[in-house]
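Colleague: I am new to this structure. Can you show me how to read a few of its features?

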Amino acid sequence: GRLTALKGLALGQNQLSTLPPEIGRLTALTWLKLWNNQLSTLPPEIRQLTGLRQLYLHHNDRLGIPLEILGPTSGQVYGGKGKPAAPSAILGYYFRTQVEASRALNEVKVLLVGEAQVGKTSLVKAVVHNKACVPGEKMTEGISIDRWAVGGKRAGETVRLNIWDFGGQEIMHATHQFFLTKRSLYLLVLDARQDEKQCRLEYWLRLVQSCGGDSPVIVVVNKIDDGRLKLDRNGLIIKYAPNLKGFVETSCESLEGVPKLRERIAREVNSLEHVDNRLPVSYFAVKEVVEAKARRTPHMRWDQYTAVCARSAVTGDEEQEHLARFLHDLGVVLCFRDDDRLAGLGVLSPRWVTSGVYAIITSDRLNRAGGVLCRDCLEQILRRGKYAPEKRNFIIEMMKKFELCFAFDEGGDERWLIPGLLDKERPAIEWDDAGAVGFEYRYAVLPGSVIWRFIVRNHELLGKEKPVYWRSGVVLHIDGAEALMVADEEGKRLSISVRGPSAVLRRSALTHIRMELEHIHSNLPRIDAKGRVPLPDRPDVTVDYQHLLNLEGNGILKFWPEGADREYMVADLLEGVSGKGQRARERQRRQEGKDWGRGERNEIFISYSHKDKGVLDELKVTLDPLIDDDKLNIWEDTQLKPGAKWQDEIRDALARAKVGVLLVSRAFLASRFIKEVELPALLDAAESEGLTLFWIPVEHSLYEETAIKDYQAAWDPKQPLDTLGKGLAKALVEIGKQLKKAYETP
């Protein structure tokens, strides 16, 4: 009986084969972890747990619930890689399969990747059609999509393969993050006549790891008639486990090795966990309709897709999202619901999208123009591709969302720039690093798309007169500071140098750049980018940024960097990069630059992570009577106007703050902008200018390891807001009273 008050229950790795119906009596449960068991059925009573927010049933293969439905594991969720699937969606799917007929999926997406002219298209013809290659065959421009079938796991079954053959031109690498999907099979094709460096073997293996998750990879060493590429095969398999499954040598002229490759493809396809997942027949009904529409209609709005789902009784929002993601991974359609930039595009035909985008970015005329696309050129390119006039702007808008291009003129649609097609040569510019703040990112692999996407995202900072940019670099103008960024793909590093009239402007500009880059990195979860700080008098020697933060956090004032010939002060190296623990430096920065303490302090400044916006909204609802009656004057960043110079506005708001409120969560403590801009300014004002600072515990966190622990909490940290349930409203009212009292105190 006492168990009915349990909030959470973990029964992972216990070899459970069944759950008792009594599980339905634990109605207080908010999380339930049942992974790595032997469950084959779930009792209907589990649906009585209506308060569940997290349900983990991973690695109970007998239940037959696909990963798309289960969502990320808890480790992935806590590591910031996803959000847990809704328990209602998981249980809804499972119980649907108990009452509805189902059948095996037997379909997989296969992707061929590699450098240009390594024989990918010839390999598809050899494998699928048993045709030898023709010398001088035209290089693939874009993506070619074919179909093929191999024998399934059970006698009489076949597995359909959707084979995507990617052209190898460098500019096309910028789009790979959108098309290289998880739970697919990859064929990485190399040219046996080239060496490992020319083939960029490890670049491609890293890229597949980044975009394709744990998808298996077969390395195909092609063109063995003319050479034999020597590789440390066992070493590579160990290094790139579990992705890299093996190597096959082929010739598309003599067809040597092709039968062996067919056998290897069939074996790897049938080893994929999802290939024979049994799905409800209603899912197949949706798939068939959507697939047929994609052949006839290039673009289906999201509401049209959900209407198709509803006609097959697939009505839940989460279930419709999961099914769309599943169809995307299979290569049936393109649907980018997990990407904020692209979520509004709906459901797209893969051939229509890729043909249009690649026709543009591989255009000879556009290449000769250095990536400058004019309206006339666009019309000619897409007219040849038989794109209706009303659809041409859609392709451009999609390229903008892909962050492949931007419009030259604000609000105009007559000229666009595609940074991936800019000249490779760096312009003759004078850049004096004396007094500049430096920062560097080191990568395991650096795709060219990182700097191209950065230029697109920040094109408004290029400067109106004679902007400076080239294929691997750019000069930015950020609120009185200038920044030079240079990407070195071969050296796998991106260097940043910021100069300006004051330390506060330099640091603010660098913070903006780093936030933008880390947003781009977040779309490539295994890109493995490490921040490093150059020594001021030895820029050739850099120190790991996280290591500096660890030293500073442990009270170590100075150390001897590897490669240096003397000791350095930790605070000196963090100057201009991080304000963490540097309150004395903040006072100096105010004297050098803008005085953040100038003017009357008459506002409440709320600092929060955008992941906690729901908590902010609840707090604002509670405070609404006080705000309407002008008893409180609140500022938070949702008040930023479109087009505003947001960093200046935030600094101005910090200067007006009389009370600082921190919504403290794990995401709050992990936010670089909060740690390096907002929090140092609030802590310094609290220490030296009388600002009242208190904080609200949103969830359990390691706040006691930070300076926040020295300030008043507006609520008991042992009972953070996310544990209060129905008591949340009462807590927010109490917090509102404290805010009002602090605000009214002279």
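Colleague: Is Glu636 buried or exposed?

Modeller: First, a caution: this is a predicted model. The cut-off for buried is under 20% relative accessible area. Glu636 has 2% relative accessibility, so Glu636 counts as buried.

Colleague: Which residue forms a salt bridge with Glu636?

Modeller: Look for a side-chain nitrogen of Lys or Arg within 4 Å of a carboxyl oxygen of Asp or Glu. Here the partner is Lys620, with the closest N and O atoms 3.0 Å apart. Glu636 sits in the loop between β27 and α23, and Lys620 in helix α22, 16 residues apart. Lys620 is partly exposed, at 27% relative accessibility.

Colleague: How many salt bridges does the count come to?

Modeller: The count comes to 42 salt bridges. Take Asp276 and Lys153, whose side chains meet at 3.5 Å, N to O. Asp276 lies in the loop between α9 and β11 and Lys153 in the loop between β6 and β7, so the pair ties together parts that are 123 residues apart in sequence.

Colleague: Where are Glu291 and Arg160?

Modeller: Glu291 is in helix α10 and Arg160 in strand β7, 131 residues apart. Their salt bridge has its closest N and O atoms 2.5 Å apart. Glu291 is buried, at 8%, whereas Arg160 is partly exposed, at 22%. Both belong to a network of salt bridges with shared partners, which also includes Glu107, Arg147 and Lys287.

Colleague: Which residues form a negative surface patch?

Modeller: Asp225, Asp226, Glu253 and Glu256 do. Glu256 is in the loop between β10 and α9. Ser251 lies in that loop too. The side chain of Ser251 makes a polar contact of 2.4 Å with that of Asp225.

Notes: Residues are numbered from 1 along each chain as its sequence is written. This is a predicted model: local features need pLDDT of at least 70, side-chain atom pairs count only at pLDDT 80 or more; totals for chains, interfaces and linings use all residues. Side-chain values use heavy atoms; hydrogens and water are left out. Patches are made of residues with over 30% relative accessible area and no salt bridge: like charges are joined within 9 Å, nonpolar side chains (Val, Leu, Ile, Met, Phe, Trp, Tyr) within 5 Å. Accessible areas come from the Shrake-Rupley method with a 1.4 Å probe; for residues, only the protein chains shown count as cover. Lys and Arg count as positive and Asp and Glu as negative; His and the chain ends are not counted. The place of a charge is taken as NZ of Lys, CZ of Arg, CG of Asp or CD of Glu. Helices (H or I, at least four residues) and strands (E, at least two) are DSSP runs, numbered from the N terminus. A polar contact is a pair of N or O atoms within 3.5 Å; within protein, one must be able to donate a hydrogen and the other to accept it, and residues adjacent in sequence count only if both atoms are side-chain atoms. Buried means under 20% relative accessible area, exposed over 50%, partly exposed in between (1.4 Å probe, protein chains only).
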